[in-house]
Amino acid sequence: MSINFTINGREVIGKKGESILEVARREGIYIPTMCYLAKTTPNASCRMCVVEVKDMDGFILSCNTPPTKGVSITTNSDDLFHERQNIMKLYNVNHPLQCGVCDKSGECDLQNKTLEFQVAQQDFATKEQKRKPKKWGVLSYDPYLCIMCEKCTAVCNQVVGSEALYIKPGGYKSEIDNHFTKCIQCGECISVCPVGAMVSSDFKYTANAWELKKIPSACAHCSSVCALEYEVKEVSIGSTFKDKEIYRVTNEADHDSLCGAGRFGYDYENRVTCKDKEAFAKAIGAFESAKSIHFTSMISNEEAYVLQGLKEKHGYKLINAEAKAYQNFMKAYTSVSGCTLYSATLDTIRNCDYAITLGSAVSQDNPMIRFALAQAVNNNRAYVSVMHPLEDDMIRNIVSQYVKYEVGSEEGVLALLCENFIADEHRKTFSKFLDSLDEGYICGETSVGEEEFETLNRYKNRKKAPVLILGADLFTHPEAENIARMAGLLDRYSDFDIMIIPSNSNTLGVSLICDLDDEMTAPSLGYNAPANFVLSALGDGDLDMPAMNQQEGTLTSIDKEVVPLNAGLPYHGYELSDIANVLGLTCKHLIDFTCKLPTAKGYSSVAFDDLDNCYLNDGTQVRGYKLDNPKLKASESPSEIADIREFNGSVIYNCNPISQFNRFTDKAHQIIDKAILIGSQQFADAAKIKSGEQVTFSVDGQTITRKFKLSSKLKGTVALNPDFDMFEKSAAYRYTQVKIERV
């Protein structure tokens, strides 16, 4: 429904649900704010956004007032100026004059609006209260600088879903406090703070905003590939790198978010000062004799294109087990859904009113999905059901229903979702599969009762925008192919949108661009992966390569978008383009291949320099382009499910701590989580081990040594084992029955 009205005499059109402020911003009309944050509900605490309405006494708040047909709005007048000036005087009461050293100086909303509304002197003061500055890990809070705009608490509660930050009331003594056990150290509160109250502990007092150069890029740690800006400064002459350093990462906080890895895991560059000609010659020799190239998915689309080109030209096998598992899963999914790509995006999740997650440790696997679910709960009152053998204590407050199933029984659980949610008019087509389901057997083996599905059905009947989110537990499952067919069935023949989470930063891109092989043939060459000769961005191989924060190129995101990646720091060594030129793939830079990415797989012939990377007035992000999702012939049907295997004894689950994704995040100095095995008292008793002991066990043929730590939050005999310190993500099922031994 459209609403015609005027702002400052200009005719504008509002949409149903929009506020006056949202319409004004979309139309490029300025209304000042201090507390407003586009990605949260308005808290109306600052009152800076007041406007005048013709034939109405007083002012109204534009942030939470919808327009009515024919209304005439004025956003700027003498009366409004004086009102806003008085508000700024209140904000400036006893505010410390620390602008010379405050981290926000030069980009501070309080500074800007104090000047804008000409507060040249302060006419009154109040007795100052004693308040202690606080440090909460990566966050530092100075209550003297705080203006109580409530942005930090709003984003923590409504976007992150942690409910860690809250207002400690006390009149003029009111301040922000932190339930620290709930804090996930994402830094969202830092990004939205309009003053210098909430800042990065590491960045504090190290640089002024005007000394830093902003370089727009993308986070390369997970498949969300969030937009960010590297803030870079020239370092001193005495620096060993003698170039630049990334001092911090920021983002467009009004509309977008970053997790802790994106915000604090930026310093993983490979500091190479010159080209090692001898090592390069050996690398070319290794390529000439190699039969396989082993690589991870933390590479750009252009690097993947080069590897595929080398395979076609020289016959190498391309080995990436994790991306191959995803590729196989999507192929089976397509055979039933008729679509090359899954249907959902992060926006689909944000706008949903009903969500089921299956086979994913959501908080750790992809924090942006967790954020999107939190927004769906707060904005749409979404019903969220998390189906997983382990409860995630970090998202308890946004979960409506936990469905705990037995390890290994994901195929059975998804089969029951098909039984419950396939539309009636299509059931006859797949009657052979649906009739083969023994619900009593599946419920017994999965430990998921009929009453839990009845609850899912009851709440689903009231909802209009359901989404099903599927994680890596499914495409590494022994029955992954049949699980994928069932996912395709639900995508095509139910009203669910389906999200299939890519397990690494560019798993989706690699799976689309590369023809991957199953088995490695020696001699092998590794690209950030173990092999006979290794090219490494970690500085521990036979030839150095640039890290992702030193490269130009593109990544394929979870939203099925091709987004640009810019270099935050220089790199002075050899790159893959140098090797490509020697081996017959001519280019000046890797980005020469951006426009050559395979159109048959949904990519467009767009040059790197022509990729958009901006925001529109209404906050819409315009970034790269969306992949095409061509329709294909759907010819397959799910098969009868396999017998459900039991997992007895000690079981470990490959699951990383929040903010740790890979060996690159482990290199970042602000991300401090260590690779330890975490389990319950029940697990410790069954394995006959104690907290603090060193233990060994075998996963996917590899012997692993870990320190064991007891956790009161975990229950049962499944322990959490991180894999961020491994060379690559395993393609094996994430749960492994193990024999634990003391070192």
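User: What is the order of the strands in the open sheet of 3 strands?
Analyst: The order is β6-β7-β10, and the pairing is antiparallel. Strands here are DSSP runs of E with at least two residues, and helices are runs of H or I with at least four, numbered from the N terminus. Two strands pair if DSSP finds at least two bridges between them.

User: Which are the edge strands?
Analyst: β6 (134–136) and β10 (198–200), each of which pairs on one side only. From one strand to the next, the twist averages 25 degrees.

User: How many bridges join β6 to β7?
Analyst: There are 3 bridges between β6 and β7 (residues 139–141). Tryptophan 136 has leucine 139 in β7 as its bridge partner.

User: Before we go on, where do these values come from?
Analyst: This is a predicted model, in which local features need pLDDT of at least 70 and side-chain atom pairs count only at pLDDT 80 or more, while totals for chains, interfaces and linings use all residues. Residues are numbered from 1 along each chain as its sequence is written, and side-chain values use heavy atoms, with hydrogens and water left out.

User: Which of its residues are buried?
Analyst: Leu80, Arg84, Gln85, Ile87, Met88, Lys89 and Tyr91. Buried means under 20% relative accessible area, exposed over 50%, and partly exposed in between (1.4 Å probe, protein chains only).

User: And what covers them?
Analyst: The cover includes β3 (50–53), β4 (59–61), β5 (72–74) and α3 (109–116).

User: Where does glutamine 98 lie?
Analyst: In the loop between α2 and α3. Glutamine 98 counts as partly exposed because its relative accessible area is 33%.

User: What does glutamine 98 touch?
Analyst: Leaving out residues up to four places away in sequence, glutamine 98 touches Asp142 and Leu145. Contact means heavy atoms within 4.5 Å. Glutamine 98 and leucine 145 are 47 residues apart in sequence, and 9.1 Å apart in space, C-alpha to C-alpha.

User: New topic. How do the strands pair in the open sheet of 5 strands, parallel or antiparallel?
Analyst: The pairing is parallel, in the order β15-β14-β21-β22-β23. The edge strands are β15 (317–319) and β23 (543–544). β14 (residues 292–295) pairs with β15 over 3 bridges, and isoleucine 293 stands opposite leucine 318 in β15.

Key
Axes are lines fitted to C-alpha atoms, for helices over the stretch in contact, and angles run from 0 to 180 degrees between N-to-C directions.
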